[in-house]
Amino acid sequence: MPALMLSRSQKNLALSVLVLIVVTMLGLLTAALLLAGQQANQLAAPNLHGELWRAYQTTREMELTLKAARQYQQGEISGDDLVVRVQVLRSSTRRLQNSKIFSALPLPRPRADEALARIISLSSAWNKQAHFADEQAAKRLAIQINRDMAPLIEPMHEVMIASNISLANKLDHDRQLLYKSFRYIGWALIGLLIGSTLLVARLIYNYRQARQLSNRLSELNHTLEDRVAMRTLELSEEQRVLNQILQASPSDVAFFSADGDEVYFISEGLQSSLLSPSSTFEYAQFFADPADAERFHANLINDNQVDDLEALLRGPSAPYYAVISGRVLEHKGRPAHLIWCYDISMRKQMEESLLALANTDALTGLDNRHSFWRKGEALLHYTRRTEQHCVALMLDIDHFKQINDKYGHQAGDLALQKVASELQLGVRENDILGRIGGEEFVVLLPHISTEQAMPIAERLRSNIEALHLPLGNGQYHSLTLSIGLASMLTHESLDQLLNRADIALYEAKAAGRNRISICPAPALKQTQPLPVD
Amino acid sequence: MSLQRHFWAMMAIVMLPALALAGGDAYPVDRPALVLHLSDNQTVQLTLQDLAKLPKRSLTVQDSPASAPVEWTGVDADALFNSLNLQSPPYKLLRLQALNFYSVLVPRSDIEQFHPIIAYARNGQPVPAHKSGPLFWIYPFDDYPELRTQIHFSRAVWQLSDIYFE
């Protein structure tokens with residue numbers, strides 16, 4: 001219950017009030033104890049309020065002494081007896097002497113004072129004159145007593161009244177004192193009662209609060225445990241969902257410590273191919289090329305991230321191309337690497353087929369003019385550098401236009417395909433064969449002289465001559481090939497070489513077709529005599 | 001409320017130094033000071049001399065913690081009665097009477113239980129009649145704290161002159 005929770009200042013105030021109560025109670029208690037002790041001390045000794053009794057006794061003794069004096073004068077008692085009476089009277093008045101018999105009188109009573117003073121002084125004087133076994137003294141005494149005592153008897157009544165009033169007042173004063181003391185002690189006890197009640201209430205309150213607090217604490221503990229359990233469940237659920245997402249992702253993901261000694265997550269796709277049974281991750285195992293592995297790792301360490309690196313990865317069965325990205329993160333208090341890769345082998349394949357498509361003649365599958373030219377340039381460059389021979393053949397199907405016109409384009413296409421495959425079969429592995437025009441083909445033969453090239457050219461020509469083109473109606477059409485041959489000269493470009501081969505081809509055509517014509521040395525060198533074979 | 005506070009009043013008086021100037025004679029040692037009235041109307045008169053011949057017994061009494069202790073010397077009442085062969089007529093009460101005709105009743109149990117004395121000297125000195133002497137009935141207040149109540153204060157008679165056996 002928060003309402004029960006007191007603020008700090010309220011608590012301080014409550015504490016101050018309690019301390020004040022305790023101090024006040026202690027003060028009250030001390031004062032009450034002192035008062036009680038004082039009263040007890042007073043009550044330990046008996047009260048000395050004997051004033052009235054003393055006044056009575058003196059009066060009585062006066063009467064007895066007077067009587068004794070008269071008896072002595074009549075011879076009824078001895079002189080010693082009178083002396084004893086005088087002494088007894090004196091012992092009685094002594095007690096009135098200096099005693100504050102009228103101290104509590106509200107108003108002074110002079111007649112009483114006067115009578116008292118007179119009897120004290122008389123008895124004192126008589127006592128001094130009284131001697132045992134002295135008849136003369138006794139006689140004198142008896143006369144004096146007879147003379148002086150009788151008029152004092154009546155005023156003694158006034159002394160009695162005064163001492164009675166004084167005593168009554170004194171007793172009442174004592175009563176009032178006692179009453180006040182008891183009242184004070186009573187209030188002190190009430191104060192103690194209230195203070196004790198407050199303290200007990202405070203104790204009960206504290207106890208209840210402590211119990212509530214402990215209850216709340218244990219409740220909190222339970223709640224906390226529940227929440228921890230729930231949170232743990234939530235976290236594991238989140239982990240599961242995350243794993244699901246990662247597993248479902250088209251990217252393959254691996255998350256592992258920077259050292260690779262602990263793998264936190266790895267996609268199924270990567271799992272089978274990469275992970276050794278020891279559950280470690282090694283870049284060298286991941287990349288097909290160790291150089292790629294080093295490059296990726298170095299970049300990741302330097303920049304903390306690598307984006308879209310294309311590299312060949314070791315696949316489960318065969319290497320494949322992938323785009324790989326990586327990040328350096330922190331997990332479980334140590335650096336970790338997150339890498340994800342996307343399989344781009346399909347794209348690579350498409351790229352390759354596009355490239356092939358761009359370099360190939362669609363009809364025959366041979367290199368097209370562009371592709372042939374690129375390869376040819378490279379070959380020529382290589383041949384020139386190694387100072388080797390190279391021969392170019394320019395080939396053209398004889399009377400191809402007639403086939404087209406006579407049997408249609410389909411037959412023409414078929415003829416081109418047949419010729420192309422025959423030529424492909426006829427050339428060597430390293431030779432470059434291309435279709436550079438409608439029915440025109442070209443072959444570059446490296447590492448070969450004119451003499452060595454001739455049988456090849458002849459083989460190609462005869463192969464085509466032997467070829468019969470099926471026309472679909474059971475008939476066949478024969479084909480022939482004219483070939484121009486040119487051997488590469490030093491510093492000659494591909495263009496020049498093919499030009500010369502082309503010239504030779506025209507010669508072959510002009511000479512009647514289905515034959516091979518060799519281009520002689522270039523025109524500027526024709527002035528020199530040809531070496532005789 | 002009892003007004004009889006002889007004993008304490010006497011204590012106060014005796015200690016007043018102003019009384020030293022008093023000129024009264026001491027009580028004659030050969031004059032009867034104590035009369036015992038036996039139950040069969042017999043009386044026994046005792047002078048201070050007679051009492052002085054009997055075995056002495058002293059009691060020390062301190063009135064309050066502040067005052068000086070007082071030593072009373074006299075005869076043990078019980079011993080006195082025994083020496084006079086007063087035990088045969090069994091008495092229940094003693095009536096003690098003073099020269100001023102103050103009187104008080106004392107049960108026999110007081111004598112048997114507390115052994116009060118009849119004192120004739122205070123701090124070794126006899127006390128004249130005008131100073132509340134010559135005889136005092138004194139209880140051993142210091143030995144029996146339960147005696148310090150008004151009952152026994154009023155029984156401690158000064159100027160003791162007569163003892164009636166009843």
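**Before selecting anything**

Residues are numbered from 1 along each chain as its sequence is written, while chains are lettered from A and ligands numbered from 1 in the order in which they are written. Because the model is predicted, local features need pLDDT of at least 70 and side-chain atom pairs count only at pLDDT 80 or more, whereas totals for chains, interfaces and linings use all residues; side-chain values use heavy atoms, with hydrogens and water left out.

**Stop 1: colour by confidence**

Colour both chains by pLDDT, the predictor's confidence in each residue, from 0 to 100. Chain A averages 86, with 94% of its residues at 70 or above, and chain B averages 84, with 84% of its residues scoring at least 70. Then select residues 525-533 of chain A, where pLDDT stays under 50 and where the model has 4 contacts beyond four places in sequence, a contact being heavy atoms within 4.5 Å. In chain B, the stretch to select is residues 14-22, which also stays under 50 and has 11 such contacts. Where pLDDT is low, the predicted coordinates should not be read in detail.

**Stop 2**

**Stop 3: aromatic rings in chain A**

Select A:Phe256, A:Phe281, A:Tyr283, A:Phe286, A:Phe287 and A:Phe296, which ring pairs link into a cluster. Rings of Phe, Tyr and Trp (its six-membered ring) pair if their centres lie within 6.5 Å, and planes under 30 degrees apart count as stacked, over 60 as edge-to-face and the rest as tilted. By this rule there are 19 aromatic pairs over all chains. One of them is A:Phe256 with A:Tyr283, an edge-to-face pair at 5.9 Å centre to centre and with 70 degrees between the planes. A:Phe256 belongs to strand E1 (residues 252-257) and A:Tyr283 to helix H8 (residues 283-286), both of chain A, so this pair ties together parts that are 27 residues apart in sequence; helices (H or I, at least four residues) and strands (E, at least two) are DSSP runs, numbered from the N terminus.

Now move to A:Phe287 and A:Phe296, whose ring centres are 5.5 Å apart and whose planes are at 45 degrees, so that this pair is tilted. Buried means under 20% relative accessible area, exposed over 50% and partly exposed in between (1.4 Å probe, protein chains only).

**Stop 4: charges over rings**

Select A:Tyr321 and look over its face for A:Lys348, at 4.7 Å from the ring centre. In chain B, the charged end of B:Arg108 sits over the ring of B:Tyr91, 4.4 Å from its centre. A charge sits over a ring if NZ of Lys or CZ of Arg is within 6 Å of the ring centre and within 35 degrees of the ring normal.

**Stop 5: helix H15 of chain A**

Select residues 494-510 of chain A, which form helix H15. Among its buried residues are A:Leu494, A:Leu497, A:Arg500 and A:Lys509, and what covers the buried residues of H15(A) includes helix H11 (369-385) and strand E6 (390-397) of chain A. Just after H15(A), A:Gly512 takes a positive phi of about 125 degrees.

**Stop 6**

A:Thr450 lies in helix H14 (residues 450-465) of chain A, is buried at 17%, and touches A:Val391, A:Leu485, A:Ser487 and A:Ile518, not counting residues up to four places away in sequence. A:Leu467 is in the loop between H14 and strand E9 (468-470) of chain A and is buried at 11% relative accessibility. Leaving aside neighbours within four places in sequence, the contacts of A:Leu467 include A:Lys418, A:Glu422 and A:Leu479; the C-alpha atoms of A:Leu467 and A:Leu479, 12 residues apart along the chain, are separated by 6.5 Å.

**Stop 6: chain B as a whole**

Finish with a cartoon of chain B, which has 5 helices and 9 strands. Of its 166 residues, 52% count as buried.

How values were computed:
Expected span 1.5 Å × (residues − 1).
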